[in-house]
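Please read the following report alongside the sequence and the model. It moves from single residues to the chain as a whole.

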Amino acid sequence: MLKVPVYVITFICSLPFTLLAQWFDPDKISVAGDFGPFELHKEVKNPERDVYMLSLKLRSEQPAVVPGFTVQWSVASKEIYSIWDNRFNSGRSNYNLRMHSRVGGNLALLSYIGKKDHNRFTFGVSDNQNTLVIANRLSEEDATFYVSIDFFKDKPPQKRVTEYSVDIRFDLRDIRYEKALADMAHWWRQYYPPAPVPEATLAPWYSTWYNFHYQLTENELIRECRIAKSLGMEGIIIDAGWMTLDNEVNFSTVGDYRPERLTNMKQMVEKIRDMGMKVMLWYTISMAGVHSEAATRFEGKFLRKDGMTMIYDPRYPEVREHLLAILETAMQEWGLDGFKLDFMSKMYPDEDTPNDKMRGRDFASIDNATAHWLQQIYRRLSAINEDVLLEFRQPHINPVTQQYANMFRAIDNFNMEIANRIYTSKIRLASPGLATHSDMLKWHTEESVDDAALQLLNGIFSVPQISVKLDSIPKDHMQMLGFWLDYWTENRPLLMSENFLADGPGENYTALHTYNENAQISALYGKEVVAPLHPLVKKIDIINATFKPTLYFDPGDSFGKSVSIEIFDSKGQPVSQTEIDYAGEPLRIRMPEVGLVRVSGF
């Protein structure tokens, strides 16, 4: 063991790194920092071929503040086509990036992807709770990526401990990048086991946000719920606006949560539940509007002012208990099934935020206080209803928050189907087996039915949330919506399978697929060719969302000598059915520009 002052440690070990030395050398991972009274223990393991684990442990004989330190390494830009991170607004060109990972948002992970969607280099950090700053820089001088992770350097809490440990996992396997991401997610679960996934989280939902905003009435919601239930939606999320008569969408009156607009909440919830639908209400645990009573009551216990809201400081126990009690009371008195908890990502420090445990604060760390708060919300609401439903949305989705919620939604991307495809794919890739939800789907009533269908089809591999006024959409839109919701429900086990592939992450995901030994569903957005992904597959549904009239199917050697082809338009109406003898060449399929092809081999 070694007491380390201001120092740089480079790891020298005898692992078989020679084959990797040309582009990544684990021998050259360095740790730099002034560790003071802490001793740094380090170890590099090779748990499986081309997977490496760096373990760091800091120990002090007496409680002390964890020092800031930086871990650094380099990776040659060799056969790297794009870099994947989970931020909703990032793309293939994010070669030079600096991002924060904390409880309120973002994964401590980057994945470097080759030209055939294969993993080149993926790393993940076990600590997704404390604030980390991850930087990636591509040097023009030597075409090399220089990566650094700062620990406890960005407004670190003055919290005294005797030990801190962290693991960094490096995956260099030549596998599909989706598997590298999924394996990283499963690795995280030893540190942060996710909450169970209730059945209700995996059913289509109706949302009031885009279609109503603050213009909510009980009679209209009841009418919409009857239609939604007939279409297969199993619940309604009543979004912001249910509690206030203020029509300005600036959240200036949020915080007191009295049902001033929907005044008969208990009776309305009972009516909706009698239809067989579940009910969730919108709340935010992060902010109080400047015109709310809560803003006055908790003066001095906010992190900062943000627009027309004040951002709560979760380190005050009375702040946490106030909002916890509001949620408990609402669930018990109104018979709610759960809550959409919004804007959690706003709880972070700025330059003037005190970082100590003083003046009534029982945590020094905002991250730790937030994680504790979420844990208490989940535990206490689960005590009322063990299947409580809690939705978080991007960016506040990471392994820590996945312990305390069970619905994970794409961030708002109103009427932007491509963005919805990107955002839902990112959640799915890093959250295997959990309930990824699409953003609320809304489109103009004068859209063509094919254009309207694209809103659903770009999010078909996530749980649909519908936010159009069902009593006023055109008849053909209703027919289309009913067909695809029925299709989604019927095929849910396959659509939400962990066997999820997302082709072309550097091109906004040109095709998405799920499969098992018997069946496959492939949705095409840019690609035009589909092939079986498993040798035993004999049934493949191909969703055409390309707006092109021609697709190609390559059966390969094991699909069968004869192929049955059924074609449906975007409303689910049959177009044609044929049988073709396979002659060894990809089959050219003419079909509607938006629709479904079902191919079966025999």
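N106 sits in the loop that joins strand 7 (97-101) to strand 8 (109-113), where helices (H or I, at least four residues) and strands (E, at least two) are DSSP runs numbered from the N terminus. This is a predicted model, in which local features need pLDDT of at least 70 and side-chain atom pairs count only at pLDDT 80 or more, while totals for chains, interfaces and linings use all residues. Residues are numbered from 1 along each chain as its sequence is written, and side-chain values use heavy atoms, with hydrogens and water left out.

Although N106 is not a glycine, its phi is positive, at about 80°. N106 counts as buried because its relative accessibility is 13%; buried means under 20% relative accessible area, exposed means over 50%, and partly exposed lies in between, with a 1.4 Å probe and protein chains only. R359, also not a glycine, has a positive phi of about 55°, and its place is the loop between strand 19 (338-342) and helix 7 (366-384). With a relative accessibility of 74%, R359 counts as exposed. A further backbone feature is the peptide bond from Q394 to P395, which is cis with omega near 5°; P395 belongs to the loop between strand 20 (389-393) and strand 21 (407-409). Most residues other than glycine have a negative phi, and most peptide bonds are trans.

The table lists the cover of several residues.

| Residue | Relative accessible area | Class |
|---|---|---|
| I29 | 3% | buried |
| V594 | 0% | buried |
| D439 | 1% | buried |
| D387 | 44% | partly exposed |

I29 lies in the loop between strand 1 (7-10) and strand 2 (30-33), and its C-alpha atom is 4.7 Å from that of W73, although the two residues are 44 residues apart along the chain.

D439 is part of strand 22. Its C-alpha atom is separated by 6.1 Å from that of R409, which is 30 residues away along the chain. Contact here means heavy atoms within 4.5 Å, and, with residues up to four places away in sequence not counted, D439 touches Y210, R409, A410, I411, D412, N413, F414, N420 and Q465.

D387 occupies the loop between helix 7 and strand 20. Apart from neighbours within four places in sequence, D387 is in contact with P198 and D337. Between D387 and W205, which are 182 residues apart in sequence, the C-alpha to C-alpha distance is 16 Å.

Helix 9 (residues 449-457) is mostly covered, since 7 of its 9 residues are buried, namely V449, A452, A453, L454, Q455, L456 and L457. These buried residues pack against helix 8 (417-430), strand 22 (436-441), helix 10 (475-490) and strand 28 (539-544). V594, from the loop between strand 32 (587-590) and strand 33 (595-601), has contacts that include A453, L454 and L457, as well as D450, N544, F547, D569 and S570, when neighbours within four places in sequence are left aside. V594 and V71, by contrast, are 523 residues apart in sequence and 49 Å apart in space, C-alpha to C-alpha.

Turning to the whole, the protein chain holds 11 helices and 33 strands, and buried residues make up 61% of its 602 residues. Its C-alpha trace spans about 75 × 65 × 40 Å along the principal axes. The radius of gyration is 26 Å, which agrees with the value near 25 Å that a compact globule of 602 residues would have; this radius is taken over C-alpha atoms, and the globule rule is 2.2 Å times the number of residues to the power 0.38. Of the contacts with a separation of 6 or more, 69% are between residues 24 or more positions apart.

How far can the coordinates be trusted along the chain? The mean pLDDT, the predictor's confidence in each residue from 0 to 100, is 94 for the protein chain, and 96% of its residues reach 70 or more. Over residues 1-21, however, pLDDT stays under 50, and the model has 56 contacts beyond four places in sequence for these residues. Where pLDDT is low, the predicted coordinates should not be read in detail.
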